[in-house]
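Hi everyone, thanks for coming. Please have a look at the sequence and the structure on the screen, and then I'll walk you through a few things in it.

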Amino acid sequence: MSTIQIYDPAMCCSTGVCGVEVDEALVAVAADIGWATSQGATIERFNLAQEPLAFAMNEQVSAFLTRSGAEALPLVLLNGEVALAGRYPNRQELARWAGIPAGTPLPMKSGCCGGSTCSCG
């Protein structure tokens, strides 16, 4: 199975789904990643604010940041190669990259309660 690495911009927590004003787009990303990992996908996420060394130690990510800047994140690597930059992958892309069978249902995305009590992600 493939390894997917997502290099996130600087966020308040590991998923960005935190605080009182939760970004619904990040809620959807967290749900998509959660779904893919529940189907057996190997997905790693790195947050620039919390894990800057992961960005510096990866030559491709470091070169990308030098060339494009942190504002061009997120950066997604598939088996160590750039697969996507500037946006997060959707469920269909995650499924294809992870080798999840085409017949596997893609359940509806659920909302999140938001705020500090949110358990999404």
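Predicted model: local features only at pLDDT ≥ 70, side-chain atom pairs only at ≥ 80, totals over all residues.

The protein chain has four helices and four strands. Reading from the N terminus, the order of the elements is β-α-β-α-α-β-β-α. Of the 121 residues in the protein chain, 45% are buried. And if you take the contacts with a separation of 6 or more, 61% of them come from residues 24 or more positions apart.

Okay, on to the rings. How many aromatic pairs does the count come to? The answer is two. In general, you describe a pair of aromatic rings by how far apart the centres are and by the angle of the planes.

Take Tyr7 and Phe46. Their ring centres are 4.8 Å apart and the planes sit at 20 degrees; planes under 30 degrees apart count as stacked, so this pair is stacked. Tyr7 belongs to strand S1, residues 3-8, and Phe46 to strand S2, residues 42-47, so the pair ties together parts 39 residues apart in sequence. Both Tyr7 and Phe46 are buried.

Now Tyr7 with Phe55. Here the centres are 5.1 Å apart and the planes are at 80 degrees, which is over 60, so we call the pair edge-to-face. Phe55 is in helix H2, residues 52-57, while Tyr7 is in strand S1, so this pair joins parts that are 48 residues apart in sequence. Phe55 is buried, as is Tyr7.

Look at helix H1, residues 24-38, and helix H4, residues 91-98: they pack at about 30 degrees, and their axes are 9 Å apart. Angles under 35 degrees count as roughly parallel, so that is what we call H1 and H4. The crossing of H1 past H4 is right-handed. Which residues meet there? From H1 you have Ala31, Asp32, Ile33, Trp35 and Ala36, and from H4 you have Arg91, Leu94 and Ala95. Sorted by type, the residues of this contact are six nonpolar, no polar and two charged.

Let's stay with H4 for a moment. Why do we say H4 is largely enclosed by the rest of the structure? Because six of its eight residues are buried. Those are Arg91, Glu93, Leu94, Ala95, Trp97 and Ala98. Among the elements that cover them are S1, H1, S2, strand S3 (75-78) and strand S4 (81-85).

Last stop: Trp97, which lies in helix H4. Buried or exposed? With a relative accessible area of 11%, Trp97 is buried. Leaving out residues up to four places away in sequence, Trp97 touches Ser2, Ile4, Val76, Leu78, Ala83, Leu84 and Pro89. Also try finding Thr3: Trp97 is 94 residues from Thr3 in sequence, but in space the two are 8.4 Å apart, C-alpha to C-alpha.

Methods:
Residues numbered from 1 in each chain as written. Heavy atoms only, no water. Axes fitted to C-alpha atoms, helices over the stretch in contact; angles between N-to-C directions. Helix = DSSP H or I, 4+ residues; strand = E, 2+ residues; numbered from the N terminus. Parallel < 35°, antiparallel > 145°, perpendicular 65-115°, else oblique. Left-handed = near helix turned anticlockwise from the far one by under 90°. Contact = heavy atoms within 4.5 Å. Nonpolar A, V, L, I, M, F, W, Y, C, P; charged D, E, K, R; others polar. Phe/Tyr/Trp six-rings, centres within 6.5 Å; stacked < 30°, edge-to-face > 60°. Buried < 20%, exposed > 50% of the residue type's maximum accessible area, 1.4 Å probe, protein only.
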